[in-house]
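Please look over the sequence and the model before reading on.

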Amino acid sequence: MLRIAAIAALLSASLYAQDPAALCEAAQQAVHAQRPEEAERLWRQAISVSPRYFPALFNLGLFYESRQQFSDAIPFLVRAAEISPRDFNSHYLLGACYQALGHGDDALRAWRTALGLNPKNVRLLQVMAVEYTKGRYFQDAAETARRAVDLTPDDPNAYYLAIKSHQDAGRYPEALEIAARAVSRFPESARAHFEYGFHLQKVGRVEEALRELERSMALDASYEEPPFFYGDLLQQHGRYEEAVVFLRRAIANRTDYVPARVALSKALMGLKKWEEAILELNEALRFDPRHPQPHLLLSQVYFRLGDEQRARQEKDLSLKLRRENPAALEAVQGRNFPAR
Amino acid sequence: MKARESRTRAGLPIGTLAFGLGVAWALFATVVWLAAQGVATRNAPPAPRDTASGKPFLAKFSDIAAQAGLSMRFTFGGETAKKYIVEANGTGVAFVTGVNGFVDVTRKAGLARAGWGSGVCAGDVDNDGHLDFYVTYWGANVLYRNRGDGTFEDITARSGIALPSKQWSSGCTFLDYDRDGRLDLLVTSYQAFDLATAPLPGKASNCEWKGMPVFCGPRGLPFGSVTLYHNRGNLSFEDVTASTGVATVKGFYAFTPVAADLNGDGWTDIYIACDSTPSIFFRNNRNGTFTDIAAEAGVAFSEHGFEQGGMGVGVGGFDNDGWLDLIKTNFAGDYPNLYRNTGDGIFEDVVMRAGLAVNPQYVGWGVAFADLDNDGLSDILQVNGHVYPELDSETAKTRESFRNPRLVYRNLGNGRFEDVSAQAGPGIAQQKSSRGAAFGDFDNDGDIDVVIMNMEDTPSLLRNELSTSNHWIQLRLEGTRSNRSAIGATVRVEAAGKTQTKPVLSQSSYLSQNDLRLHFGLGSATRVDRITVRWPSGMVQEFKDVPADGLVMLVEGSETAKRLTLPR
């Protein structure tokens with residue numbers, strides 16, 4: 001009897017070892033029991049038994065992805081996606097692995113397939129919009145982000161993503177239109193009013209823009225961006241006294257706001273308040289010591305004060321920092337997404 | 001207190017998006033992409049326009065090049081695609097004397113020469129009363145001496161002016177930096193360009209434009225240089241680049257140089273527009289040396305501290321405050337610079353507040369402050385044209401094109417300009433890929449005309465058909481202690497309560513030579529109250545109560561302003 005039982009057990013084990021579904025089930029149990037090495041072995045065993053067994057391929061890919069072993073995950077996910085081309089998750093996860101490895105174009109290709117399978121997946125649309133932007137595919141980013149807005153009209157972040165994407169693509173009228181929709185949908189949102197004001201200014205409706213910025217500041221006095229933008233606009237038009245008031249407000253809301261400190265120092269230079277400008281520029285450098293612009297402005301202040309030696313030192317430092325990071329002060333060109 | 005909403009405008013809100021698979025994904029907002037781009041650009045959008053003034057603009061330009069006999073077609077490498085950057089930048093042009101109608105006398109004058117030309121500048125290097133020319137090339141440059149009989153001789157070899165053959169010289173300007181009364185020469189080199197080592201389109205990191213493979217550079221290619229020659233007399237020059245301190249500045253792609261007294265101390269300074277690198281401002285130290293103070297003086301970068309693709313430069317006083325200001329054209333996706341001289345040669349870029357940031361879609365080249373409607377305020381005329389003919393191909397997916405219209409900005413007199421291109425006639429609306437532009441009154445009818453070099457095309461000769469009762473005056477200066485062509489002089493004209501300031505320039509615009517006669521619009525004034533000339537020698541002279549509407553000769557040391565007859 002015992003012998004019969006032993007034979008049955010052996011037979012069962014042998015059948016189990018040849019059954020990819022059973023192996024996968026055991027692997028899942030090993031995962032839940034915190035035995036990852038065993039799970040990995042069982043999935044590999046399942047694949048060796050049945051190389052086209054989708055659950056094993058996919059789960060092993062997912063397993064490696066979750067452990068951030070992205071290079072290990074990719075071959076299994078590629079095979080999973082080939083075997084089951086209509087499986088959204090394989091394509092999505094494959095894209096995630098490529099993205100983690102810095103292969104943005106491959107990630108986007110995988111995600112484009114996933115999106116074809118599930119065109120209303122808002123989260124994927126948003127992730128893709130970000131990745132398109134990172135790859136400088138600004139037009140694709142804009143299209144994708146707009147679809148996300150249309151699918152989730154109650155999500156304010158979808159609007160902000162779409163506004164930014166259209167701005168990057170140089171599509172200012174459309175950015176304005178989305179911002180107008182955001183204000184209409186979220187009338188109590190300081191951010192929505194700020195975005196609307198920002199883009200009103202971009203298309204030349206300056207008076208309306210200023211009203212929106214004021215509304216934004218009224219809704220949330222602690223929000224630093226409206227007073228910065230307002231003050232910088234005044235500074236650019238030579239209205240230095242007024243600019244100083246708003247730029248100081250922006251800095252009060254966020255002390256490490258380097259662009260606001262730079263703009264404030266320019267307004268102070270316009271007012272010939274050299275010592276105050278030096279203070280602001282040094283504060284900016286305290287928060288961002290490798291930023292070339294404060295050094296450049298310090299060079300100009302010292303030059304105006306007649307200290308040419310110090311001016312030259314600051315200039316040389318600014319030029320050195322520029323050379324070390326040439327893209328720091330420069331926008332990049334957009335491009336079209338390559339199909340292959 | 002309501003919940004604080006996501007509001008980081010620099011990019012996306014940083015958050016976590018959960019998927020059904022339990023996969024977490026972070027959205028990272030800040031994107032720093034060390035981009036593949038060969039030129040400084042910043043995707044700048046057009047700035048908002050002010051409401052139009054509604055005033056009619058009375059200067060209308062028509063292209064009469066064909067009827068005037070300017071029919072030579074300029075071809076620069078590939079017409080539909082460019083393989084190397086040397087095919088892209090075109091040439092300057094020179095406006096020397098006013099003659100109504102043109103005949104090709106190149107061969108007869110001894111100026112026929114095969115070469116890859118770039119820039120031209122004029123000046124009387126031997127003070128014999130005849131304008132000589134310097135022409136720059138990719139390869140050997142040439143100094144032509146004017147014999148005074150309608151012919152020229154190549155005196156390059158004996159004058160000691162030669163550059164290595166792989167230098168791609170771009171600009172040049174004559175100037176008298178040491179006040180010895182002889183014209184010295186400054187030559188800019190865009191880069192040391194070598195076909196044998198130049199990468200091909202799309203083959204290196206600086207060889208694409210918006211994802212499209214294009215010719216490489218300038219970034220990634222060897223930098224250019226500046227060379228200064230001192231005129232020793234007897235038509236011989238000495239290379240003083242090192243001893244004057246000019247050689248200390250490195251790492252740039254230099255285009256157009258202008259030489260004028262920019263800080264008002266009576267000595268000629270030099271400003272050089274540089275492409276995708278900081279521009280250069282050599283302050284004359286008044287002891288035979290120069291110091292680059294561009295960054296300190298505020299003319300190296302944009303108002304936001306960006307390197308820019310600088311091409312052409314115009315010099316003049318746009319705000320009639322007595323100081324010389326600068327306008328510099330830049331690459332597409334960027335604004336020009338309007339550098340207002342705040343006094344003593346310190347500048348601020350006021351392009352935004354002046355209303356000139358409204359057309360960043362064009363690559364700007366030739367440019368000048370010029371009073372196009374004779375109202376006593378310097379307007380601006382700018383010519384444009386992209387560098388990539390591939391933009392016109394059917395596969396290009398950008399909204400840019402190789403051929404662009406010209407731009408005219410009317411000076412409103414309050415520190416602001418308005419774009420009046422649509423009112424300025426068919427010559428302005430014409431779509432060409434233009435490069436050099438020279439300004440002068442070629443038909444001697446009392447207004448400023450323009451000659452323009454167009455890529456893969458014949459030149460344009462824009463005749464100004466100005467219909468106004470405004471008055472004007474033209475001044476021809478002749479140095480005696482100073483160099484005879486008075487290059488480097490600064491002239492102030494006071495009339496009808498306005499004080500206008502202009503310099504006598506050798507090269508400006510884009511690698512081009514403007515008419516050496518200075519043109520001032522006078523509005524309703526029929527007389528000039530006072531003309532003040534600061535000669536390059538340092539002498540300051542005043543001429544009072546000069547009648548308008550004609551050409552006047554001012555000779556250094558002579559008290560009278562002599563009226564000349566304009567040839568028609």
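Is A:Glu188 buried, partly exposed or exposed? A:Glu188 counts as partly exposed because its relative accessibility is 47%, between the cut-offs of 20% and 50%. The model is a predicted one, and over all chains the count comes to 53 salt bridges.

**Salt bridges within chain A**
- A:Glu188 pairs with A:Arg215, with 3.6 Å between the closest N and O atoms.
- This pair links distant parts of the chain, 27 residues apart: A:Glu188 sits in the loop between helices H11 and H12 of chain A, and A:Arg215 in helix H13 of chain A.
- A:Arg215 is partly exposed, at 35% relative accessible area.
- A:Glu283 forms a salt bridge with A:Arg286, the closest N and O atoms lying 3.0 Å apart.
- A:Glu283 and A:Arg286 are about one helical turn apart because three residues separate them in helix H17 of chain A.
- A:Glu283 is partly exposed at 25%, whereas A:Arg286 is exposed at 54%.

**Salt bridge between chains**
- A:Glu308 forms a salt bridge with B:Arg283, at 2.8 Å between the closest N and O atoms.
- A:Glu308 belongs to helix H19 of chain A and B:Arg283 to strand S16 of chain B, so the pair joins two chains.
- A:Glu308 is partly exposed at 28%, while B:Arg283 is buried at 15%.

**Helix H15 of chain A**
- H15 (residues 240-253) of chain A has 14 residues and spans 20 Å from first to last C-alpha, close to the 20 Å expected.
- Its buried residues include A:Tyr240, A:Phe246 and A:Leu247.
- The elements covering the buried residues of H15(A) include helices H13, H14, H16 and H17 of chain A, together with strand S21 of chain B.

Conventions: Residues numbered from 1 in each chain as written. Chains lettered and ligands numbered in written order. Predicted model: local features only at pLDDT ≥ 70, side-chain atom pairs only at ≥ 80, totals over all residues. Heavy atoms only, no water. Helix = DSSP H or I, 4+ residues; strand = E, 2+ residues; numbered from the N terminus. Expected span 1.5 Å × (residues − 1). Buried < 20%, exposed > 50% of the residue type's maximum accessible area, 1.4 Å probe, protein only. Contact = heavy atoms within 4.5 Å. Salt bridge = Lys/Arg side-chain N within 4 Å of Asp/Glu carboxyl O.
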